[in-house]
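Hi there,

Here is the structure I promised to send over. Have a look at it first, and then read on for my notes.

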Amino acid sequence: MTAESTDTLTREPAQQSAATEAGARTGALLPPLTLGPITVQTPVVLAPMAGITNTAFRRLCRDYGGGLFVNEMVTARALVERRPESLRIIKHEPDEVPRSVQLYSVDPVTTGHAVRMLVDEGRADHIDMNFGCPVPKVTRKGGGSALPWKTRLFESIVATAVREASKANIPVTVKMRKGIDADHLTYIEAGRIARDSGVAAVALHGRTARQHYSGQADWSAIAALRESLPDIPVLGNGDIWSAEDAVAMVEQTGVDGVVVGRGCQGRPWLFGDLQAAFEGREERHRPDLPMVSATLLRHAQMLIPYFDGDERKAMQDIRKHVAWYFKGYAVGSQLRTQLVAVESMAQLEDLLGQLDQTLSYPGADAEGPRGRAGSPKKVHLPQDWLESQELNEVQREMIQAAEVDTSGG
Ligand SMILES: Cc1cc2nc3c(=O)[nH]c(=O)nc-3n(C[C@H](O)[C@H](O)[C@H](O)COP(=O)(O)O)c2cc1C
């Protein structure tokens with residue numbers, strides 16, 4: 001049985017067919033998204049998610065609908081040092097076009113080296129820069145969402161990336177949060193700087209670093225950014241759990257496209273729904289349990305080659321997806337417990353085989369928020385970071401030595 005066989009949706013095959021591309025525009029919600037030489041027919045972006053958006057998960061999402069599918073963030077320094085894990089992260093499948101890589105960097109020199117490496121070795125068609133990560137390991141070093149506060153440093157990193165990437169006509173985009181906290185908002189100014197530095201688009205997650213993943217994303221900030229940058233595409237991010245949410249964000253903010261993260265965890269078919277909605281069609285996926293379990297199995301199978309044949313690593317990885325896939329389905333606590341401790345493909349197949357194959361789509365219980373949430377968190381920053389928007393001498397030295405091998409959000 002394939003993942004598609006029990007899906008209640010009649011839909012076109014994977015990817016956007018030429019017919020869809022040509023025909024769909026009439027009722028389309030938005031025109032295609034243009035990023036330099038790249039045209040994204042369905043203006044939907046799979047948000048980079050560390051530990052999630054690897055080749056296996058991107059493949060599943062791509063099979064359901066069109067869009068731009070960004071990998072997990074890779075640390076510029078680790079990439080330049082050719083650490084095996086970083087080279088794994090930037091892998092793409094041969095049919096993955098465009099190849100989208102997200103870079104995390106805190107200093108312009110390493111940024112330049114990393115972008116040059118990607119360009120010279122022909123490893124990317126699109127580069128996204130991460131200025132949204134709120135995790136202490138990153139912000140403590142002035143990186144991620146802490147960085148746009150230092151406007152000149154931010155400008156220098158973005159301009160360097162654009163300069164190096166433009167040598168191969170590769171578009172650079174920036175992904176950021178609203179700011180550090182409500183008193184230190186950075187997004188309007190950072191958007192302007194990024195635009196003036198030549199980025200192809202800016203994406204905004206409507207939360208501050210302090211909010212982490214708590215509360216609700218502020219779509220009015222996304223609308224404000226859209227309005228302040230009339231001349232480049234602005235993409236909105238935060239709390240899109242369904243195709244209807246994506247349409248609502250477009251309507252409420254005027255964005256040129258949406259970026260979807262947690263909403264597709266355990267639901268790669270959301271990309272099919274998003275494509276349908278952006279083309280003005282009503283079809284939505286309502287997967288029954290056999291379809292969900294077939295998709296999870298396929299996900300696990302594809303993780304094995306991603307981890308170079310290491311089945312144990314693939315099983316460790318798939319465990320975190322179990323709760324997302326089965327959200328709302330009456331799987332039973334015993335099976336759930338066994339599934340999140342699965343050790344081998346054989347065991348996974350056996351456990352999935354024990355599921356009640358007659359369970360249909362549970363409705364609202366399978367929808368809605370999933371993944372990280374929680375409460376606001378203290379933002380860990382370098383000493384005296386907020387005192388000035390320029391780096392002081394100590395901070396400058398720290399930045400030069402700072403890049404850590406890290407994973408974020
Ligand atoms: C597990 C996880 C990992 C993430 N990793 C990254 C990352 O590597 N780079 C990045 O820019 N954002 C990262 N994010 C943030 C998402 O890209 C996105 O901005 C955020 O989840 C809000 O969008 P959503 O409400 O659609 O999930 C991560 C989020 C999660 C939940």
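Before the notes, one definition: a residue is called buried if 20 or more other C-beta atoms lie within 10 Å of its own, exposed if 12 or fewer do, and partly exposed in between. Please also keep in mind that this is a predicted model.

Let me begin with helix 2, residues 55-64, where that definition comes in handy. This helix is mostly covered, with 7 of its 10 residues buried. The buried ones are Ala 56, Phe 57, Arg 58, Leu 60, Cys 61, Arg 62 and Tyr 64. And what covers them?

Now for the chain as a whole. The protein chain has 17 helices and 11 strands. Of its 409 residues, 51% count as buried. The C-alpha atoms fill a box of roughly 65 × 50 × 40 Å along the principal axes. The radius of gyration is 21 Å, which agrees with the value near 22 Å that a compact globule of 409 residues would have. If you look at contacts with a separation of 6 or more, 73% of them link residues 24 or more positions apart.

Next, a pair of helices. The axes of helix 9 (residues 219-228) and helix 10 (residues 243-253) come within 9 Å and cross at roughly 50 degrees, and that makes helix 9 oblique to helix 10. Their crossing is right-handed. From helix 9, Trp 219, Ile 222, Ala 223 and Arg 226 take part in the meeting, and from helix 10 their partners are Met 249, Gln 252 and Thr 253. Sorted by class, this contact has 4 nonpolar, 2 polar and 1 charged residues.

You will find Ser 197 in the loop between helix 8 (187-196) and strand 9 (201-208). Leaving aside residues up to four places away in sequence, Ser 197 touches Glu 155, Val 158, Ala 159 and Val 162. Take Val 158 as an example: it is 39 residues from Ser 197 in sequence, yet the two are 6.6 Å apart in space, C-alpha to C-alpha.

Note on methods: Residues are numbered from 1 along each chain as its sequence is written. This is a predicted model: local features need pLDDT of at least 70, side-chain atom pairs count only at pLDDT 80 or more; totals for chains, interfaces and linings use all residues. Axes are lines fitted to C-alpha atoms, for helices over the stretch in contact, and angles run from 0 to 180 degrees between N-to-C directions. Helices (H or I, at least four residues) and strands (E, at least two) are DSSP runs, numbered from the N terminus. Angles under 35 degrees count as roughly parallel, over 145 as roughly antiparallel, 65 to 115 as roughly perpendicular and the rest as oblique. A crossing is left-handed if the near helix is turned anticlockwise from the far one by less than a right angle, and right-handed if clockwise. Two residues are in contact if their C-beta atoms, placed from the backbone, lie within 7 Å. Ala, Val, Leu, Ile, Met, Phe, Trp, Tyr, Cys and Pro count as nonpolar, Asp, Glu, Lys and Arg as charged, and the others, Gly among them, as polar. The radius of gyration is taken over C-alpha atoms; the globule rule is 2.2 Å times the number of residues to the power 0.38.
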